[in-house]
Amino acid sequence: QVQLVESGGGLVQAGGSLRLSCAASRSIFSINAMGWYRQTPGKQREWVAISSSSGSTNYADSVKGRFTISRDNAKNTLFLQMNSLKPEDTAVYYCHALLIREYWGQGTQVTVSS
């Protein structure tokens with residue numbers, strides 16, 4: 001079991017940057033799959049980036065080259081560095097962990113103004 005708490009969202013102009021954090025209630029070292037998803041009103045939640053315990057990462061095409069997912073195992077925290085933000089990145093961003101079942105954070109709002 002794990003609890004996830006996101007932070008770091010906010011309002012930023014297009015072209016700007018934000019760093020999201022996801023603090024976990026337990027060690028994330030052995031959690032194989034952790035990632036970030038996002039959702040806008042009326043749309044399904046979509047996958048943004050994933051990090052495995054082996055160090056591999058993968059990104060949705062829409063964010064590739066602009067976003068970077070990383071882990072700090074010592075701090076039990078997952079990050080999402082978001083650069084060159086676009087208005088279409090506006091969404092609620094959720095942290096996700098897959099253990100025996102899925103766990104989600106409460107979400108953090110990211111708003112990118114044009």
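Arg-38 and Asp-89 form a salt bridge in which the closest N and O atoms are 2.9 Å apart; the term stands for a side-chain nitrogen of Lys or Arg within 4 Å of a carboxyl oxygen of Asp or Glu. Arg-38 lies in strand β4 and Asp-89 in the loop between β8 and β9 (91-98), so the pair ties together parts that are 51 residues apart in sequence. Both Arg-38 and Asp-89 are buried. Buried means under 20% relative accessible area, exposed over 50%, and partly exposed in between (1.4 Å probe, protein chains only).

The model is predicted: local features need pLDDT of at least 70 and side-chain atom pairs count only at pLDDT 80 or more, while totals for chains, interfaces and linings use all residues. Residues are numbered from 1 along each chain as its sequence is written, and side-chain values use heavy atoms, with hydrogens and water left out.

## The other salt bridges

The structure holds four salt bridges. Side chains of opposite charge can pair when their charged atoms come close. Arg-38 also meets Glu-46 in a salt bridge, at 2.6 Å from N to O. Arg-38 has a relative accessible area of 6% and is therefore buried, whereas Glu-46, at 37%, counts as partly exposed. A network of salt bridges links Arg-38, Glu-46, Arg-66 and Asp-89.

Another salt bridge joins the side chains of Lys-64 and Asp-61, at 3.1 Å from N to O. Lys-64 is partly exposed, with a relative accessible area of 47%, and Asp-61 is exposed, with 66%.

## Overall build

The protein has zero helices and 11 strands. Helices (H or I, at least four residues) and strands (E, at least two) are DSSP runs, numbered from the N terminus. The radius of gyration of the protein is 13 Å, close to the 13 Å that the globule rule gives for 114 residues, so the protein is as compact as a globular protein of that length. This radius is taken over C-alpha atoms, and the globule rule is 2.2 Å times the number of residues to the power 0.38.

Along the principal axes, the C-alpha atoms fill a box of roughly 40 × 25 × 20 Å. Of the 114 residues, 42% are buried.

## An open sheet

Strands β1, β3, β8 and β7 form, in that order, an open sheet of four strands with antiparallel pairing. Two strands pair if DSSP finds at least two bridges between them. The edge strands, β1 (4-7) and β7 (67-72), each pair on one side only.

Within the sheet, strand β3 (residues 18-24) and strand β8 (residues 77-82) pair in the antiparallel sense over six bridges. Ser-21 stands opposite Phe-79 in β8.

## Rings and charges

There is one aromatic pair in the structure. The rings of Tyr-37 and Trp-104 have their centres 4.9 Å apart and their planes at 75°, so the pair is edge-to-face. Rings of Phe, Tyr and Trp (its six-membered ring) pair if their centres lie within 6.5 Å; planes under 30 degrees apart count as stacked, over 60 as edge-to-face and the rest as tilted. Tyr-37 belongs to strand β4 (residues 33-39) and Trp-104 to strand β10 (residues 102-104), and the two residues are 67 residues apart.

Trp-104 is partly exposed, at 32% relative accessibility. Arg-45 lies over the face of Trp-104, at 4.6 Å from the ring centre. The charged end of Arg-101 sits over the ring of Tyr-103, 4.0 Å from its centre. A charge sits over a ring if NZ of Lys or CZ of Arg is within 6 Å of the ring centre and within 35 degrees of the ring normal.
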